[in-house]
Amino acid sequence: MTELQADQGAQALEIPHAQAKTQRNRDALIALAVFVVLALLPTVFSSKLLLDFVIRCAAYGLFATSLNLLVGYTGLISFGHGMFFGLGAYGFGLMMQKTGVPVPVAFIATLVITFVVALVIGAICVRLKEIYFAFVTLAFQMLIHSTILSWVSLTGGDQGLRGGIPRPPFLGIDLSNQLHLYVASCALLVIGLYLMHRIAQSPFGYTLRMIRDNAMRASFIGIDVWRAKLTIFVLAALFASTGGIIMALFVSGAYPEFAYWTISGEGIFINMLGGVTTFLGPMVGTVLLLILNDTVTRLTEYHGLVLGIVILFFAIGLRKGLMDFVVEWYAQRRNNAGERG
Amino acid sequence: MLEIRSLSKSFGGVKATDNVTLDFADGSLTAVIGPNGAGKSTFFNLITGALKPDSGQILLNGIDLAGRSPPEIVRHGIGRAFQVASIFPSLTVQETMLAAVCADQRRASVMHRRFPLAETRDRAEHAMELLGLAGKRNRTAATLSHGDQKLLDIALALVLDPKVLLLDEPTAGMGTEERWRMIDKVRELWETQKITVVFIEHDMDIVFKIAPEIIVLCYGRILATGRPDAIRRNEAVIEAYLGTEHHTGAIA
């Protein structure tokens with residue numbers, strides 16, 4: 001069952017114009033409802049740990065979902081997507097430290113920088129196929145990581161951006177206040193997921209699916225495959241960068257680890273955990289990974305071993321991510337019920 | 001009108017297409033035949049942009065398409081179906097058609113609207129009806145039978161409203177009955193759609209039954225062109241297929 005069928009209850013596609021508008025409004029209302037629920041969470045649970053957890057979920061969730069636009073929707077397996085997470089964190093942190101511009105200006109400027117860098121790197125990488133694409137993106141990530149380490153006067157080298165990131169209030173929002181940061185992170189997460197979902201459900205989203213399935217055939221129906229891949233590469237970079245900005249705000253700094261290959265590895269790990277065939281798979285994977293990380297590291301120093309076993313369970317046992325498994329199981333159950341009826 | 005002028009392509013020392021000059025009249029139905037390795041698929045690959053020719057021209061209504069990219073060539077009106085059905089396995093038949101029309105309408109990059117677009121429906125519906133796939137609209141392409149996958153491949157080319165449709169062995173891998181059903185469908189499409197159809201085929205019964213014009217390729221060169229009767233009697237063609245120990249009427 002495809003997503004389109006799932007959305008439409010496996011009915012023949014009926015006419016889209018009015019229906020599409022209703023669907024869009026429905027998506028926007030769901031996004032708003034999710035935001036309201038998240039924003040009201042602190043009134044029910046006063047735990048600061050919970051707020052921190054959700055902020056980290058927002059950062060990694062945006063990053064992992066953006067990676068799934070490449071991996072799951074386009075078939076581009078990037079081993080270097082983490083570079084844009086790091087770029088977001090460092091770009092924003094440096095902008096705030098060195099220029100003292102208001103937060104929204106630094107936010108937009110960071111996205112502009114990410115856009116330019118992603119455009120250049122993407123123009124080179126998306127020409128390459130499969131494993132070559134994966135490794136050249138990894139090479140670019142290591143280049144950026146090495147630059148961060150060696151350009152000590154600007155980035156602080158292996159110590160990262162020290163001294164904290166100034167977060168002057170704007171429009172009554174004070175991001176140095178944990179509650180304000182929490183609400184802002186939730187807003188960015190919901191807006192980011194909403195936009196990515198719209199991309200996935202748009203004609204462009206289906207163009208990406210065609211490229212993933214059969215790029216050669218896509219070019220023979222008039223699709224400029226290179227341009228489509230570059231577009232999604234840059235868009236995914238912008239969402240990953242937003243995740244990095246949230247992380248920089250959260251830790252009030254930026255560290256070389258944010259741009260290291262392990263971040264990309266975690267992104268792929270999250271996608272494997274949550275699943276790549278459903279839009280919310282990476283978000284579920286993010287929550288799972290962070291819970292695992294937080295609990296396992298408290299219990300044992302061998303947390304890497306435990307995480308390895310978990311991923312083996314998903315990769316070899318289930319052979320799919322959790323959401324993929326749940327959706328398949330549900331579809332199977334519905335089919336069986338239909339046959340019995 | 002599709003005009004091929006002195007088209008050549010070599011791979012190392014092998015001339016896969018050797019100075020081929022041909023004309024395909026508007027609305028014609030032409031079969032391309034030839035022994036294995038004759039350069040039939042290379043010829044199609046050159047016309048559709050999958051390969052760049054070393055020299056020569058491919059003129060569609062006077063516009064030279066030689067060396068252009070596949071998307072550009074498709075937009076000029078040359079559609080193609082493949083020897084091995086080339087489809088999008090995870091998409092349903094209907095999604096495939098709707099997305100293809102989107103691409104043809106230059107809406108493949110639209111992000112502010114939800115798929116499917118209302119203005120793509122009629123064409124997608126028409127193509128599915130034409131190829132008899134409407135009843136399988138909600139089946140994912142991967143779950144279709146081999147014959148239906150071939151039909152979907154042709155539908156993908158046809159939904160783009162091509163002026164010229166190139167079919168690379170539309171009956172490849174099919175059983176006898178299925179072959180005839182497919183070839184009847186090809187002929188029906190040619191008659192109803194009034195487009196230029198060029199197809200590669202190995203089954204001589206099919207070729208001589210439905211093709212008003214036949215082109216014979218051998219070692220990348222044109223060995224013969226003409227109507228079925230003339231091709232059937234052509235000594236060079238018989239020799240190319242059967243060697244020198246031939247007898248008249250061997251190709252039937």
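Me: Hi! Let's start with residues 28-47 of chain A. How much of that stretch is helix, and how far apart are its ends?
Reply: Hi! Residues 28-47 of chain A are 85% helix and 0% strand, with 29 Å between the end C-alpha atoms. Keep in mind that this is a predicted model.

Me: Which annotation covers that stretch?
Reply: The UniProt record, an unreviewed entry, annotates residues 28-47 of chain A as "transmembrane region". The same annotation covers other spans of chain A, among them 53-71, 103-124 and 179-196.

Me: And what does the model show for 179-196 of chain A?
Reply: That span is 100% helix and 0% strand. Its end C-alpha atoms lie 26 Å apart.

Me: OK, on to confidence. What pLDDT does chain A average?
Reply: Chain A averages 90, and 94% of its residues score at least 70. Over residues 6-12 of chain A, though, the pLDDT is below 50. That stretch has seven contacts in the model beyond near neighbours in sequence.

Me: What about chain B, and the complex?
Reply: Chain B averages a pLDDT of 90, with 96% of the residues scoring at least 70. Residues 246-250 of chain B stay under 50, and the model has five contacts for them beyond four places in sequence. For the complex, the predictor gives an ipTM of 0.89 and a pTM of 0.90.

Me: How many residues are in the largest nonpolar core?
Reply: There are 168 residues in the largest nonpolar core. Those with the most contacts inside it are A:Ala236, B:Met97, B:Leu152, B:Ala155 and B:Val159. Helix 10 (residues 225-251) of chain A gives the most to this core, with 16 residues.

Me: What does B:Leu152 touch?
Reply: Leaving aside neighbours within four places in sequence, B:Leu152 is in contact with B:Ala85, B:Ile87, B:Val93, B:Thr96, B:Leu133, B:Ala141 and B:Leu144.

Me: How far is A:Thr242 from A:Ala123?
Reply: Their C-alpha atoms are separated by 21 Å, and the two residues are 119 apart along the chain.

Me: Does helix 4 of chain A have the span you'd expect, or what should it be? I mean, what should its 18 residues span?
Reply: At 1.5 Å a residue, the 18 residues of helix 4 (residues 82-99) should span 26 Å, and the end C-alpha atoms are 25 Å apart, so the two agree. Helix 4 of chain A is mostly covered, with 15 of its 18 residues buried. A:Gly100 follows this helix and has a positive phi, near 65°.

Me: And which residues of helix 12 of chain A are buried?
Reply: They are A:Gly281, A:Pro282, A:Met283, A:Val284, A:Gly285, A:Thr286 and A:Leu289. What covers them includes helix 3 (48-74), helix 11 (261-274) and helix 14 (322-340) of chain A. Helix 12 (residues 281-299) has 19 residues and reaches 27 Å, close to the 27 Å expected.

Me: What is phi at A:Arg319?
Reply: Phi of A:Arg319 is near 60°, a positive value in a residue other than glycine. A:Arg319 lies in the loop between helix 13 (303-318) and helix 14 of chain A. With 9 C-beta neighbours inside 10 Å, A:Arg319 counts as exposed.

Technical notes: Residues numbered from 1 in each chain as written. Chains lettered and ligands numbered in written order. Predicted model: local features only at pLDDT ≥ 70, side-chain atom pairs only at ≥ 80, totals over all residues. Core = buried A, V, L, I, M, F, W, Y, C linked by C-beta atoms within 7 Å. Buried ≥ 20, exposed ≤ 12 C-beta atoms within 10 Å, placed from the backbone. Helix = DSSP H or I, 4+ residues; strand = E, 2+ residues; numbered from the N terminus. Contact = placed C-beta atoms within 7 Å. pLDDT = per-residue confidence, 0-100. Expected span 1.5 Å × (residues − 1). UniProt positions renumbered as here; feature names shortened; annotations may be inferred.
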